Amino acid sequence: MLAAFLRFEHQLTRLAMAIAIVMLVISVTLSFYQVLTRFLFNAPSTWTEVASRASMIWCVFMAAAATFRGGYMMAVEAIYKVVPRRFALWLETAIVLCCLLVLGVLIYFGILMTGRVSSQTMSGMNIPMSYAYAAIPTGSAFAIVAVLARIGAQLSGREPVGSDNSEASHDDAVPEGAAQEGPQSPHDNPDSTSGTGQGGSRL
């Protein structure tokens, strides 16, 4: 059951990331066109700025799913260093609950805002403004699936617990004092051989 859900989430997150990339390309292209029309042709376009802004909104909210799934959101690494490893899973669970709460609020109020502006149109375009606001609940829904998949993979032991970018995970992987260990062989330390280096001379 969990494996099927993870496969479903993987495809869903890939779709969200593909949409985010397309929207980013559209936003950059429209912004470049806006610069050309404004400063080169001295006839600024009336719709590209609004369309570029809407595309960027969709890009941000759709890319949030992949960001949550990979654990690339801003992490307070000091907490992972202070909390014992046996409590790291409890910490991750608390973080997931907070994320789900925020994403649920975004979905709820995002739907309300989308319906509220459905009768308005974008400036310079005959397109409902709700198309731009719809990115909020849509991206949040994708992100909820990604958050559930991440905590599910951690609870089942398929993925390590903790922040992917945290130095705490790297500190556990490297034994203490390994970086301070000197050469093990006299041939690796030129100072330990007689006749070379400052410590090589013997009485």
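Predicted model: local features only at pLDDT ≥ 70, side-chain atom pairs only at ≥ 80, totals over all residues.
Reader: How many residues has H1, and what span does it reach?

Author: Helices are DSSP runs (H or I, at least four residues), numbered from the N terminus. The expected span is 1.5 Å times one less than the number of residues. H1 has 39 residues and reaches 56 Å from first to last C-alpha, close to the expected 57 Å.

Reader: Which residues of H1 are buried?

Author: Buried means under 20% relative accessible area, with a 1.4 Å probe and protein chains only. Among those in H1 are Leu6, Glu9, Leu12, Thr13 and Ala16. Their cover includes helix H2 (48-70) and H6, where contact means heavy atoms within 4.5 Å.

Reader: How do the axes of H1 and H2 cross?

Author: Axes are lines fitted to C-alpha atoms, for helices over the stretch in contact, and angles run from 0 to 180 degrees between N-to-C directions. Those of H1 and H2 come within 7 Å and cross at roughly 155°. The two helices are therefore roughly antiparallel (over 145 degrees).

Reader: Where does H1 meet H6?

Author: Residues of H1 including Leu2, Phe5 and Phe8 belong to a contact with H6 residues, among them Phe142, Val145 and Leu148.

Technical notes:
Residues numbered from 1 in each chain as written. Heavy atoms only, no water. Buried < 20%, exposed > 50% of the residue type's maximum accessible area, 1.4 Å probe, protein only. Parallel < 35°, antiparallel > 145°, perpendicular 65-115°, else oblique.
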